Amino acid sequence: MVSLDLFLQAVVYGLIMGSIYALTSSGLTLILGVLKIINVSHGEFLMLSMYAAYYLFQGFQIDPFLATFLILPILFFFGAFTFYFFIRPILKAPEINQILLTIGISIFLQNLALALFTADFRTLELSYSQKTLALGKISIGVPHFAAFMISISVTMGFYWVLKNTDLGRSIRAAAQNREAAILFGINVDRIYLITFSLGAACLGVAGPLLATFYYVTPTVGTVFLLTSFVVVILGGMGNFLGAFFGGLLIGLTESVGAIFMPGSLSPVLTFVVLIVILLLKPEGLFGKRRR
Amino acid sequence: MMGRGNWKFFLGLSGALLLLILLPLTFKISSYSLHIFIMVLYFSYLSSAWNLLGGFAGQHSIGHSAFVGLGAYTSTFLFLQIGLNPWIGMVLGAILASLAGLFIGFLSFHYRLRGLYFVLVTIAFAEILAILFSNIRFLGGASGLVVPLKEESLWLFQFRSKVPYYYIILTMLALNIFFCYWVRWTRLGYYLMAIRENEDAARAMGIRVMDYKLLATALSAFLSALGGTFYAQYTYFIDPLTVFGFGLSIEILIYPIVGGVGTVLGPVIGTFVLYPFAELIRTLLGARTAGIHLMVYGAILVAIMILAPRGIVGLFGKRFSPKKEK
């Protein structure tokens, strides 16, 4: 019999991982919604961002939470660089070519990391790594709690920008109808560039947050990429709010599921959720049915 | 029914086939080189099977390892547990894989879903199988299954020498190419290509789009699974990472795209060019630092996609390359 405390503990940690999934997936879904490209190298961007946080702490004693202010712009410009030199030339190519290109980038970055940083699992030892907050009988790690608060606020802030600013409106217009957006005087190429960079910048936040309590290794991105794919379908492709709630839901499913089955098998639950969604409501939790 | 100029096609193909048949007979080939040839033929075979669905019908699967793995595991598991003949296991595995293909196809095509759904669902499905097979001890778990050595015979699909395997995979590839050629120039092929170019138009012309997409998925899965059993019998060992992994799925689709997607020979040409090249950079660079050779590989992939998006076949004239616009 599972005790209530254990269950609540799982819920809390599920929401924490879920908030990270929400952040990584919203970047992926934004790129998918606007550029109609599946960015397979998304996971590797996250991995690089985590390594950046790791080495900034090891080398310069910069706290990962502070390092976010440094890593976010780095990832933004890295995204812009990738878009300008690699994604832009193939925007009109068949979708499979686009996917293969991002797979190529992903293979390159993953093995660059392997060559530079070796395959060792690395974890950060912070002064507050082991500190916990008590909430009744449930305890929450301090880095976990901070990561949760920050990722939720960043995702919501991002959503606010999309809803209420001119830039956000232009991005949504480009996502809905490229031609119409051009007719209304929106520089769609510039919007593409900004969107891709913003998608990468999400990982500039997620990476350092994650690095405070999760291991870093060259293949760590793959785990988050696959989960993010599921979240993106779950929320409806290109649906930002869907990715947010989908991320939390998948985090909960994994964490609560792990109580009832061997931990290494719990990712299967994520995919079971995916299959159920595809069978019953394939346009996603918040998607509108097309025809 | 047959396209114009097909006698040239067959002449060239027969010539190439004859060369490949004679190769181990006339030259003294080292075991290592023969292995490379077998792997080239094996990946040509898998890529052609992928191309049937991804190239002709335009439904891009990035989870074809699911079918290869189901083929490999079905025959090996049944051989281990009840001593079932691998050739029969091969067919059973292929049937199981086609059913899995129908299931995946149904999930991603119903409600007239299209495009990227199929990509994401295939990735997810292969990943589910990889996780499941790694965790079920009954099926060997993460350490995989070993094919028991019984005796050397064609009946048991076991040989000490590599030469018989070479001829088996060569035969499989030749049949596969012939089948693709047949599909390409019959009604089925035209239906599939119509669906690829414009699904709505194809439907308006009276093509049962859903049925044909499912058929293509099942056929492609069937052929891929046969390849899986070959791999298991050839290497005597399978584990979830090698037969269900994301890496294999990617490798299977790289060759057709590099060679020329949607053409009969594109996948084969792609494999014959890229596989030995990848092997070369692996032997040259792989020993120095881990990861360097795959970095080069990734960079080449990016370069090909930007510089020659229609693949090698696309570089030589329009006649062979399919029109491909979104």
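Two strands pair if DSSP finds at least two bridges between them. Helices (H or I, at least four residues) and strands (E, at least two) are DSSP runs, numbered from the N terminus. This is a predicted model in which local features need pLDDT of at least 70 and side-chain atom pairs count only at pLDDT 80 or more, while totals for chains, interfaces and linings use all residues. Residues are numbered from 1 along each chain as its sequence is written, and chains are lettered from A and ligands numbered from 1 in the order in which they are written.

**Stop 1: the hairpin of chain A**

Select residues 132-135 and 138-141 of chain A, which are strands β1 and β2. The two strands pair in the antiparallel sense over 4 bridges. A:T132 has A:G141 as its bridge partner in β2(A), and A:L133 is partnered there by A:I140. Together β1(A) and β2(A) form a hairpin with 2 residues between them. In the turn, A:G136 has a positive phi of about 65 degrees.

**Stop 2: helices α2 and α8 of chain A**

Next, select residues 42-60 and 188-211 of chain A, helices α2 and α8. Their axes come within 7 Å and cross at roughly 50 degrees. Axes here are lines fitted to C-alpha atoms, for helices over the stretch in contact, and angles run from 0 to 180 degrees between N-to-C directions. α2(A) and α8(A) are therefore oblique to each other (angles under 35 degrees count as roughly parallel, over 145 as roughly antiparallel, 65 to 115 as roughly perpendicular and the rest as oblique). The crossing of α2(A) and α8(A) is right-handed; a crossing is left-handed if the near helix is turned anticlockwise from the far one by less than a right angle, and right-handed if clockwise.

Which residues of α2(A) meet α8(A)? They include A:F45, A:L46 and A:Y54, and among their counterparts in α8(A) are A:L203, A:P208 and A:L210. Two residues are in contact if their C-beta atoms, placed from the backbone, lie within 7 Å. The residues of this contact of α2(A) with α8(A) divide into 12 nonpolar, 3 polar and no charged. Ala, Val, Leu, Ile, Met, Phe, Trp, Tyr, Cys and Pro count as nonpolar, Asp, Glu, Lys and Arg as charged, and the others, Gly among them, as polar.

**Stop 3: two helix pairs in chain B**

Move to chain B and select residues 31-56 and 266-285, helices α2 and α12. Their axes come within 8 Å and cross at roughly 140 degrees, which makes α2(B) oblique to α12(B). α2(B) passes α12(B) in a right-handed crossing. Residues that meet here include B:F43 and B:N51 in α2(B), with B:Y275 and B:E279 among those in α12(B). This contact of α2(B) with α12(B) has 9 nonpolar, 7 polar and 1 charged residues.

Then select residues 65-82 of chain B, helix α3, together with α9(B), which covers residues 209-235. α3(B) and α9(B) pack at an angle of about 50 degrees, with their axes 6 Å apart, and that makes α3(B) oblique to α9(B). α3(B) passes α9(B) in a right-handed crossing. Among the contact residues are B:F67 and B:L70 of α3(B), and B:L226 and B:Y231 of α9(B). By class, the contact of α3(B) with α9(B) has 9 nonpolar, 8 polar and no charged residues.

**Stop 4: where the chains meet**

Show both chains. Their contact takes 38 residues from chain B and 37 residues from chain A. On the side of chain B that touches chain A, the elements giving two or more residues are α5 (116-135), α11 (246-259) and α13 (292-307) of chain B. α5(B) gives the most to that side, with 11 residues. By class, the side of chain B that touches chain A has 28 nonpolar, 7 polar and 3 charged residues.

**Stop 5: confidence**

Finally, colour chain B by pLDDT, the predictor's confidence in each residue, from 0 to 100. Chain B averages a pLDDT of 85, and 93% of the residues score at least 70. Which helix of chain B has the lowest confidence? Confidence is lowest in helix α14 (residues 311-315) of chain B, at a mean of 74, and highest in α9(B), at 94. Over residues 319-326 of chain B, pLDDT stays under 50. Where pLDDT is low, the predicted coordinates should not be read in detail. The model scores ipTM 0.81 and pTM 0.85.
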